[in-house]
Amino acid sequence: MKTVFTTGEAAKICKVSQQTIIRCFDSGQLKGFRVPGSRFRRIPRDQLYTFMRDNGIPTDALDSGRRKLLIVDDDVDLVDLLVDHFERDGRFEVRSVNNGFEAGMMIKEFRPDLVVLDVMLPDINGMEVCKLVRGDKTMDDVKIVCISGMVEEDRIQQLRNAGADEFLKKPFDVDTLMQRVCQLLDVEAASAG
């Protein structure tokens, strides 16, 4: 378990900008120390926890140290496969839903770091879910990976315009998805083996 955080790491955990963390550090709101002989700031876990609690920031991201992943697809077998794959990795807290309406509710409640989103859902399509997430400023840091069997280049561009960070065509290799997720979340890719 990590005991000291950089300002960048603290910003990701708190879901705020690094500048916000630096301002809070420099003003004394967030306690920590500077690395001797440098300008780098470091924040001990207990100080970050206190800061988060005092400012109403959910501490579950700090408690688990795991990144939150929401998988949205109406293909139950695929969802089971993905949930199993990411949970076995150990670095992710995973939830899943099977339609766009539940996705909207779960995104607000669970506050995932990343959403794996099927574009063709039975109710609200993935593009609408992208727009919903991108329309909420508190979710600027949420990454979205769209997955779909459709491949028209203009549709993929429309998804990117709506806020998708990445697109994978079905069927895809689960390890490829894992690599993309790790890249987007700035998590080290697990070493094979």
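Residues are numbered from 1 along each chain as its sequence is written, and side-chain values use heavy atoms, with hydrogens and water left out. Because the model is predicted, local features need pLDDT of at least 70 and side-chain atom pairs count only at pLDDT 80 or more, while totals for chains, interfaces and linings use all residues.

The pocket comes first. A pocket here is an open set of points on a 1 Å grid over the protein atoms alone, where a 1.4 Å probe fits and protein lies on both sides within 12 Å along at least five of seven lines; lining residues have an atom within 4 Å of a point. Grid points are joined across faces, edges and corners, and a volume is the space filled by probe spheres set on the points. On that basis the second largest pocket comes out at about 290 Å³. It is lined by 19 residues, and K12, R67, D113, D141 and V142 sit closest to its centre. Helix 1 (7-14) and helix 9 (174-185) are the elements that give two or more residues to this lining, with helices (H or I, at least four residues) and strands (E, at least two) taken as DSSP runs numbered from the N terminus. Helix 1 gives the most, with 3 residues. The lining splits into 7 nonpolar, 2 polar and 10 charged residues, where Ala, Val, Leu, Ile, Met, Phe, Trp, Tyr, Cys and Pro count as nonpolar, Asp, Glu, Lys and Arg as charged, and the others, Gly among them, as polar.

Just past the end of helix 3, G56 takes a positive phi of about 70 degrees.

Next, the aromatic rings. Rings of Phe, Tyr and Trp (its six-membered ring) pair if their centres lie within 6.5 Å, and planes under 30 degrees apart count as stacked, over 60 as edge-to-face and the rest as tilted. The count is 1 aromatic pair. With ring centres 5.3 Å apart and planes at 90 degrees, F86 and F92 make an edge-to-face pair. Both F86 and F92 are buried.

As for the cysteines, a disulfide is a pair of cysteine sulfur atoms within 2.5 Å, and the count is 0. For C24, the nearest cysteine sulfur is that of C14, 8.6 Å away. C146 is in no disulfide either, with the sulfur of C130 nearest at 3.9 Å. C24 is buried at 10% relative accessible area, and C146 is buried at 0%.

A cis peptide bond, with omega about -10 degrees, joins K170 and P171, and P171 lies in the loop between strand 8 (166-169) and helix 9. K15, not a glycine, has a positive phi of about 60 degrees. K15 lies in the loop between helix 1 and helix 2 (18-26) and is partly exposed, at 28%. R111, also not a glycine, has a positive phi of about 50 degrees.

Technical notes: Buried means under 20% relative accessible area, exposed over 50%, partly exposed in between (1.4 Å probe, protein chains only).
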